[in-house]
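Work through the following exercises with the sequence and the coordinates at hand. Each task is followed by a stepwise solution.

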Amino acid sequence: MDKWANLEFIDLVETSLAGFGTGALMALTGVAFVIIYKATKVINLAIGEMLMVGAFVFYGFSAGLALPIWASIPATLIVCALVGGIIERTMIRPLMKDNPVSVFMVTIGLTSILIGLVELIWSAEPRRLPEFLPQQPLILWDAFVPSKTAYSFLISAVVVAVLITVFAFWRGGIALRATATDRAAASSVGINVAGVFSFSWMLAAVVAGLAGILVGSVGGISSAMGLFGLSVFVVVIVGGLDSITGALVAGLFVGWLEAMVGRLFGGEFKLLATFSILLIVLVVRPYGLFGTHEIERL
Amino acid sequence: MRIGTAKQSYAADEAMFKTDTQRAWFAALMVGLVVYPLVGSGYWMFLAVLVMINVISTTGLNILTGFTGQVSLGHAAFMAVGAYTVAFFDGRFDTPVLLNLVLAGAVASGIGFFVGLPSLRIKGLYLAIATLAASVILGFVFLNWTPVTGGLRGLNVPTATFLGIELATPERLYWLVMPICVIMVAAARNLFRTRIGRAFIAIRDRDISAEIIGIPLFKYKLLSFAISSFYAGVAGGLWAYLFRVVTPESFPALASIFFLAAVIVGGAGTIIGGIFGAIFMTLIPEFLKLAAAGVVPWFPDAPIYLAPIRNIVFGVLIVGFLIFEPMGLAEIWRRVRRCFALWPFRT
């Protein structure tokens, strides 16, 4: 086919690199999802909207209040943490003893609330975030990588590395992992399980908010950018809901796949490809590549 | 339970209407539905038709989510399938209205069957995500299968013609939608007096136990998907006749949340809950519109904020009902009724 004939190797490399850039952001958001799922066993459908809130709050600080970048990023992350904490206390905590399906549906309601709030404050029209990443593009061998893509990849990688270290060594991280393994046992050795729940939501909101700033600086922000969460969903299901490794591997893979499909067939095929992958994984290996296979008992 | 209604047979206990009072109220409701067009007009008729379409669709989702316990995030996509089917057959082949509606239900039901297939391996939240995936893929098909769906521009739907009468206005369409709505809701109510319906409820309550007592899970889950999509398809078909145009934008992902919200707010797992939920959720935007028009003298910008406020209200309703009244409006209704039924005793 002649559509494929003039496709050069370097073009594919550039597309792949751009895909890995998006993939890193998906992985980062996926990690936020996994933190919540590991600690509280809540499937958070509103992760894309939490990301959107982060992007818009950053917009509010950096463009609206015209704060410098070094001040608006921490301010955004603090607001995100507060939002995460409020969501956990008011909506998730009261239902933790109920069945998981109700909590899941609460997060669906949360999606609607967050979209509504953002549209109420900033209106539905798309906006651009102020430029804050260096403009100089990166040339890897012969391949051209836009600077924003490269920097999002780097920042995501650093944040994920920090998170993994924190979970491995810090007391709070160990408490979180203990709660994830066995809630009752963790509680009986004196871990403040309710505190871990709150903390995990706040941390996830911060990570998602950071991802939102990066996603927004690459592609602009709008009240529909929560759709990014759909791809993140595919990432965490493919990787396994409770596996950070899974989120990383699947994030890079899905980002790469979307970029390649978009380059070869056109942008409208992106979601089709990812969701076909999702359906296949759900049917063949529902607990994902790296997830724990839970056995159900009566 | 009403005082003084001792039931003496199993059949009486399983009857659709258990007391004469219920029968009387139901008769009053039917009379009200017949008399309504004499009273209401114009916009109120349009609203009534829209409410009934949503009642059909919500009842369908209630069968799947409320009674069988399978959360579906793709209900609006099945409605879209029904709407496109009607638009396609009526536009191309000029087939009769009732046949189109049955076809709409059948096509939606067939696709629902396929969407239900992953339930062989997965359940609960994973299945909900599979339905989300299916609705995204269906949305892609609507947008890109241009010869059949008209692509981005969508399809125009001819006026519904029933026995030579053009059902061009909501006033006339009412007489098509109302009987279908009553029949389908009654059918749903009866479904849960049969073996199939009770199997659905058993699956919802504890799927493993249900399987152990001999209910083939996969078969009944698929059946539930098919029935639920049939309702959505018929509702979508009627929707197409009401709005007369179907585009990929007609049934956005948010519409699926709308129906899920209707089921939750009304009361999952009760037929009357589906009806309440659909009425309530359809009328809320109208109420907000009225309120916005009312405050315009003080806040001239109010109409701009209508759409976001509607989103917030939908979300708050879902969350609020799940936390404070998980059984929904139906439970509130039951409490009010019990208060009267037990009078003069107190509960």
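**Exercise 1.** Determine how the reach of helix 2 of chain A compares with its expected span, and what follows the helix.

*Solution.* Helix 2 of chain A covers residues 9–40, which is 32 residues; helices here are DSSP runs (H or I, at least four residues), numbered from the N terminus. Next, burial: 25 of the 32 residues are buried, and the helix is mostly covered (buried: 20 or more other C-beta atoms within 10 Å of the residue's own, C-beta atoms being placed from the backbone). Finally, Lys41(A) follows helix 2 of chain A with a positive phi, near 60 degrees.

This is a predicted model, in which local features need pLDDT of at least 70 and side-chain atom pairs count only at pLDDT 80 or more, whereas totals for chains, interfaces and linings use all residues. Residues are numbered from 1 along each chain as its sequence is written, and chains are lettered from A and ligands numbered from 1 in the order in which they are written.

**Exercise 2.** Characterise the packing of helix 10 of chain A against helix 11 of chain A.

*Solution.* The axes of helix 10 and helix 11 (residues 244–265) of chain A lie 8 Å apart, at an angle of about 130 degrees; axes are lines fitted to C-alpha atoms over the stretch in contact, and angles run from 0 to 180 degrees between N-to-C directions. The contact includes Val234(A) and Val238(A) of helix 10 and Ala250(A) and Val254(A) of helix 11, where contact requires C-beta atoms, placed from the backbone, within 7 Å. By class, its residues are eight nonpolar, four polar and one charged (nonpolar: Ala, Val, Leu, Ile, Met, Phe, Trp, Tyr, Cys and Pro; charged: Asp, Glu, Lys and Arg; polar: the others, Gly among them).

**Exercise 3.** Identify which element of chain A gives the most residues to the side that touches chain B.

*Solution.* In total, 34 residues of chain A contact 35 residues of chain B. The elements of chain A giving two or more residues are helix 5 (100–122), helix 10 (228–239) and helix 12 (269–284). Helix 5 of chain A gives the most, with 16 residues. The side of chain A that touches chain B has 27 nonpolar, four polar and three charged residues.

How values were computed. Contact = placed C-beta atoms within 7 Å. Expected span 1.5 Å × (residues − 1). Buried ≥ 20, exposed ≤ 12 C-beta atoms within 10 Å, placed from the backbone.
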